[in-house]
4 protein chains.
Amino acid sequence: SWFHRSSVLQSTCPPHSGFFGPVEDVMLSSGTFRDKVAFITGGGTGLGRAMTSTLSQLGAVCVIASRKLEVLQQTADEISSQTGNKVYVVQCDVRNPEDVSHCVDKMESLTGLPDVIINNAAGNFVCPSERLSPNGWKTITDIVLNGTAFVTLELGKRLIQRQRGASFLAITTIYAESGSGFVVPSASAKAGVEALYKSLAAEWGRYGHRFNIIQPGPIKTKGAFSRLDPTGMFEKSMIGRIPTGRLGKPAEVANLAAYMSSDYATWMSGAVIRLDGGEYVSMAGEFNELRRVTPEQWKTMEDMIRNTKGS
Amino acid sequence: SWFHRSSVLQSTCPPHSGFFGPVEDVMLSSGTFRDKVAFITGGGTGLGRAMTSTLSQLGAVCVIASRKLEVLQQTADEISSQTGNKVYVVQCDVRNPEDVSHCVDKMESLTGLPDVIINNAAGNFVCPSERLSPNGWKTITDIVLNGTAFVTLELGKRLIQRQRGASFLAITTIYAESGSGFVVPSASAKAGVEALYKSLAAEWGRYGHRFNIIQPGPIKTKGAFSRLDPTGMFEKSMIGRIPTGRLGKPAEVANLAAYMSSDYATWMSGAVIRLDGGEYVSMAGEFNELRRVTPEQWKTMEDMIRNTKGS
Amino acid sequence: SWFHRSSVLQSTCPPHSGFFGPVEDVMLSSGTFRDKVAFITGGGTGLGRAMTSTLSQLGAVCVIASRKLEVLQQTADEISSQTGNKVYVVQCDVRNPEDVSHCVDKMESLTGLPDVIINNAAGNFVCPSERLSPNGWKTITDIVLNGTAFVTLELGKRLIQRQRGASFLAITTIYAESGSGFVVPSASAKAGVEALYKSLAAEWGRYGHRFNIIQPGPIKTKGAFSRLDPTGMFEKSMIGRIPTGRLGKPAEVANLAAYMSSDYATWMSGAVIRLDGGEYVSMAGEFNELRRVTPEQWKTMEDMIRNTKGS
Amino acid sequence: SWFHRSSVLQSTCPPHSGFFGPVEDVMLSSGTFRDKVAFITGGGTGLGRAMTSTLSQLGAVCVIASRKLEVLQQTADEISSQTGNKVYVVQCDVRNPEDVSHCVDKMESLTGLPDVIINNAAGNFVCPSERLSPNGWKTITDIVLNGTAFVTLELGKRLIQRQRGASFLAITTIYAESGSGFVVPSASAKAGVEALYKSLAAEWGRYGHRFNIIQPGPIKTKGAFSRLDPTGMFEKSMIGRIPTGRLGKPAEVANLAAYMSSDYATWMSGAVIRLDGGEYVSMAGEFNELRRVTPEQWKTMEDMIRNTKGS
Ligand SMILES: NC(=O)c1ccc[n+]([C@@H]2O[C@H](COP(=O)([O-])OP(=O)(O)OC[C@H]3O[C@@H](n4cnc5c(N)ncnc54)[C@H](OP(=O)(O)O)[C@@H]3O)[C@@H](O)[C@H]2O)c1
Ligand SMILES: NC(=O)c1ccc[n+]([C@@H]2O[C@H](COP(=O)([O-])OP(=O)(O)OC[C@H]3O[C@@H](n4cnc5c(N)ncnc54)[C@H](OP(=O)(O)O)[C@@H]3O)[C@@H](O)[C@H]2O)c1
Ligand SMILES: NC(=O)c1ccc[n+]([C@@H]2O[C@H](COP(=O)([O-])OP(=O)(O)OC[C@H]3O[C@@H](n4cnc5c(N)ncnc54)[C@H](OP(=O)(O)O)[C@@H]3O)[C@@H](O)[C@H]2O)c1
Ligand SMILES: NC(=O)c1ccc[n+]([C@@H]2O[C@H](COP(=O)([O-])OP(=O)(O)OC[C@H]3O[C@@H](n4cnc5c(N)ncnc54)[C@H](OP(=O)(O)O)[C@@H]3O)[C@@H](O)[C@H]2O)c1
């Protein structure tokens, strides 16, 4: 059946994906982030790890924070040994404002306040909404929305006090605007994060702060896929509707994030950038399903349309 | 095959459509448009005809305009005989600014300038974009975008000169914002119409004009379906993804249009109202396809997610 | 100065507001909600009160819920004595899932589960974001986002269990999509509510539920204006940029809400309706400030443009 | 008066613009576009010239096309002499499909079909809509919407025939989505271009094509400012509401465009990227005007809010 079979087929990409092969090298020139401090939540795994690795390679001193200290430390060691630049770790549960405050205290003593902030930590799982308890709801929205707000407000206030500028970036998702069933707390919280960042882009420019957003489409990280597509059955149909015919790579998000966080983008604020291989427009457009129509069928249909009379 | 079989199944609605049975009576109280003149392009057929009928029933004197005089005249006679209110017809190809100007001259002599304007005339057909000629492109965009602009600018200028207020409504589509393959000239032109109306909502309020938009989802009119789904193969999959489980009815658009054009909505301007049974959000949300997961499969998936360790 | 002077000028509407005089009668025909139960959070004051009054007049049995029992009771008595239909009150703090659950228990025993649900309760105040504490943030987001989620999930689950359909409506705001400085927790939480409703529109159609949203622009209620424009200095500039030249009236929202909650709108789901006199498009459009250019200045500018050579 | 005075003040940037100083170096590493052919409409002036210069520096062979051959030739010579890479010129009025077809014929013989296509040619001028003639409307929409469509369809078809992939980029504007008064034909046509590109992103991925959009905010080019702000009176108020406190630089758009057109972005399709210093979110957010409130006034307001009782 569809449920069991699909996992077998999961990694078959259509031939046109060949036009869109990923480039995973670091894009910016080394030294772009020299003398800069970058703070990345959830920097120990997945996309956060990729962004940390890229910024570190580009010369930044990085500070990564999340709940699992061991995971953070291992990532830090690995990246640092590759890039030769320091990667500090701070244990922090972003849901807890005091944790966040202590985390920033610690960062201040290690590196000073950051120039680049990336709010990437998140939680998510698929679930029919009628099976969601108030606690299930809060588990996700507390991390994603409150966590991002606590980190952003804490850092913002301290930066303002010191008259320091900074670039803030949040990682949301392509369903933040449209909403999506079966991931409802995540959709709601990510939409909240987007409004938070657009609001502060307008309000805190006067303090030297920029706020931008990346909406990734599906990228195979363990964190995301184990909770969003545990059986693997969903992957094939995602690939089928992604115009570029493949999932994304963490390095592709990392290159975009590095650009947006760099001084090449000082005039970018309040921007929301979708990086999804075209999946969103492909899903949303009402007639895109007609890609299934064959050339022969098109000929038949054209004749039928031509012979239509009247309105 | 899918291509041929689907037409057979086309009208099967899922059981939950029973919760969403259409109400096709006129909603507003009779007399709401007494002493008002309404001008509806494409008023001879489909949605335009339904809106004309509703406004006429509500007391408006209507003027309908399009290319086919006979079709217009027959509609006018039928509606007028039912409602007892005058329905005038004017032949007009909206692509031609002179035609539009003559049409408004004629309307002025028949009824005076309108209080309610509905830009509903349009053309569309499905076609892979690589098969589109410049002429194919222009056929659609000239009617939809230029036609709407010519009608709106001509009426707007005259109303401004006479210091007359008015309500303008444009009928676009749910894919105006997202775009859609296979109906590309229509998507582009309708997006243009939306920008035109939002722009004028801001600019011409000072002259007493309001501008609003309805984006209908799929509604079975001969004009739309014969050129968008000539084989009928598309209908079933549309119904399958519409949360309310059915296509819309012309009378449902007409009731919304009447409200938006009435004095109950004098504070509505620059609004864009989607009326589509939920189709748009259903298509656009990345995980909505999980509606195919059965309760048993959910149990399996929940276990798998629960047993996930680490990020 | 601007700060003190403005309150004096506050209620001057420009002449063109005369074209857009509000109609505050109930729009739908009486009996539209006969045998229906409506549940309105925050139904004791402001817009919630207006919606309750309208639904009650249209035949609904209403249940209103919020924290202040006396306020609720007084409103209930007043409305009920005018309409002759029962208005029940339930004390409930929507931030608390247990409160919400008890509230629904009580409603079930009083009236049974509702056919119409309006999530209208909210909190908000203006504040520079650098002065916001984590508690300030949570005060607003807990009411607006978590409160709406708890009410919606609790009612949704019970309705699903009983196989009952329902119409859900949420009241958000025009800055939910764009974000806005100085009301950042509200902007974030309202954006979250919109994603919640668009998500459930897609997911819970199969259970007979519709989900829609109204985004009101500025409407003078005590609750909103005392916390958003305490000095009154803001009102004039709002009116100056609203194309229809005036603030909205609670009855205008109530008429729209009644339509959206009625069976005339069974094909509306996932819709987001802005009702703001055109304020949003007027603010957002980059060149709308040119409304300040006089006709004479336009002549000068046209000459300058005409004499521009080259690109 | 405001009209005459403003030009004097025009270039004063607020102090916080110091945080957002532009970096105008080429961002990508040289050789990124080696062996690639880039086609840029309107490449002789303004933003088009800047993008051509950047792509040429990065190794691309460029072909630029517009109406004024001399302007093109001078730009081509200047850029080519700086970068050492060929820049070809082709005279072409994009409004005319035959011109476009000849232009592509010529390009094919000079360089072969392009790998990178940038639709940048446009026209615009400020004008109250009641002063717009049908010709004024068509002048702009023919260049912007039809011109972009003709170029895109012609190149797309030929690329498809040869089974060649390509990156398409369109330059639109921040008011494409919101609309804007006083530039209505431009707003409508640019909205149309966005729908065209989002539609083809979904449809033509299968042929190896990507489609993306940049929405620039105000950037001082002669072409734009002479027709949009001929008196200079508008510039100051624009700067005042741009959170980053300054206008953009052509090189900043060029760096973003180069990234989006490069293989680092092969997974980007259907994206719409706003690059506007935050102007859009700043205008659109209802309460952003409160930036004018001083710290002392905030204290007063906080007291008033705190003392508010009831809803
Ligand atoms: N991969 C995709 O397809 C995809 C698509 C769209 C958006 N995204 C977004 O991309 C971001 C990264 O996702 P990913 O795919 O890389 O998944 P991931 O590896 O699971 O990353 C999530 C990170 O968040 C951290 N985190 C979770 N709860 C936390 C808390 N309470 N406090 C602090 N940190 C916490 C986790 O670390 P600890 O467990 O150590 O706390 C983990 O490092 C997320 O924002 C996600 O929503 C991903
Ligand atoms: N039905 C749907 O599912 C659906 C969905 C989304 C949007 N819409 C929109 O709803 C509106 C009505 O569509 P419909 O379904 O009712 O289809 P329809 O019956 O084909 O209506 C189109 C009308 O436009 C008129 N028209 C076409 N070209 C014209 C021209 N050059 N000048 C003047 N009038 C012209 C036609 O009359 P003549 O042939 O006499 O000129 C016809 O009455 C359209 O704007 C359509 O885009 C419909
Ligand atoms: N007026 C406007 O200009 C405007 C504009 C945009 C949007 N809105 C929205 O319209 C809705 C109504 O606003 P309004 O202007 O009518 O203001 P309002 O009179 O202050 O209404 C807010 C209502 O929410 C209730 N509420 C607050 N906290 C609650 C809680 N924890 N639990 C339960 N109920 C709670 C309040 O009742 P208790 O104090 O008794 O709890 C009150 O009845 C809100 O969603 C608001 O965001 C208003
Ligand atoms: N500068 C800004 O602030 C700003 C803001 C938002 C968007 N934009 C967009 O950025 C793009 C470039 O604008 P710009 O500021 O660089 O202005 P510009 O210098 O005036 O560029 C417009 C270019 O379009 C070409 N063009 C005009 N009509 C044409 C036609 N019929 N056929 C072929 N080419 C034609 C012009 O060349 P010829 O005269 O030789 O034909 C010119 O090179 C435009 O799409 C504009 O809408 C600019």
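# Exercises on chains A, B and C

Phe182(A) is buried, its relative accessibility being 1%. Here "buried" means under 20% relative accessible area, "exposed" means over 50%, and "partly exposed" is in between (1.4 Å probe, protein chains only).

Before you start: this is a predicted model, in which local features need pLDDT of at least 70 and side-chain atom pairs count only at pLDDT 80 or more, while totals for chains, interfaces and linings use all residues. Residues are numbered from 1 along each chain as its sequence is written, chains are lettered from A and ligands numbered from 1 in the order in which they are written, and side-chain values use heavy atoms, with hydrogens and water left out.

## Exercise 1: two loop residues

Find where Phe182(A) and Asp35(B) sit, and say whether Asp35(B) is buried or exposed.

Step 1. Phe182(A) belongs to the loop between H6 and H7 of chain A. Helices (H or I, at least four residues) and strands (E, at least two) are DSSP runs, numbered from the N terminus.

Step 2. Look at the backbone: the phi angle of Phe182(A) is near 75 degrees, which is positive although the residue is not glycine.

Step 3. Now hop to chain B, where Asp35(B) is in the loop between helix H1 (2-9) and strand S1 (37-41). Its phi is positive too, near 65 degrees, and again the residue is not glycine.

Step 4. Asp35(B) is exposed, at 73% relative accessible area, whereas Phe182(A) is buried.

## Exercise 2: how A meets C

Work out how chain A is laid on chain C, then describe the contact of the two chains.

Step 1. In general, a rotation about an axis and a shift along it relate two copies of a chain. For chains A and C, the turn is 180 degrees, the shift along the axis is 0.0 Å and the RMSD is 0.0 Å. This is how a two-fold axis relates copies.

Step 2. Chain A puts 39 residues into the contact, and chain C puts in 39 residues; contact means heavy atoms within 4.5 Å. Of the interface residues of chain A, 100% are also interface residues in chain C, so the copies meet through the same surface.

Step 3. About 3000 Å² is buried between chain A and chain C, with 62% of it on carbon and sulfur atoms. In chain A, Glu130(A), Trp137(A) and Glu203(A) lose the most area to chain C, together 20% of what that side buries. Buried area is the accessible area (1.4 Å probe) that two parts lose on being put together, summed over both.

Step 4. There are zero salt bridges between chain A and chain C, a salt bridge being a side-chain nitrogen of Lys or Arg within 4 Å of a carboxyl oxygen of Asp or Glu. Polar contacts join 20 residue pairs (both at pLDDT 80 or more). Such a contact is a pair of N or O atoms within 3.5 Å; within protein, one must be able to donate a hydrogen and the other to accept it, and residues adjacent in sequence count only if both atoms are side-chain atoms.

Step 5. Zoom in on Asn146(A), in helix H5 of chain A. Asn146(A) is buried at 5% relative accessible area, and its side chain makes a polar contact with the side chain of Trp137(C) (2.7 Å).

## Exercise 3: how A meets B

Describe the contact of chain A with chain B and count the salt bridges between them.

Step 1. Here 57 residues of chain A touch 57 residues of chain B. The buried area is about 5300 Å², and carbon and sulfur atoms give 63% of that.

Step 2. Four salt bridges run between chain A and chain B. One of them pairs the side chains of Glu289(B) and Arg241(A) (3.1 Å, N to O). H12(A) gives the largest share of the side of chain A that touches chain B, eight residues.

Step 3. Chain A lands on chain B by a turn of 180 degrees with a shift of 0.0 Å along the axis, at an RMSD of 0.0 Å. Ala284(A) is the residue of chain A closest to this rotation axis, at 2.1 Å (C-alpha).

## Exercise 4: cysteines

Step 1. Cys103(B) is buried at 3% relative accessible area, and Cys127(B) is buried at 7%.

Technical notes. Copies are superposed by least squares on the C-alpha atoms of residues with pLDDT of at least 70 in both.
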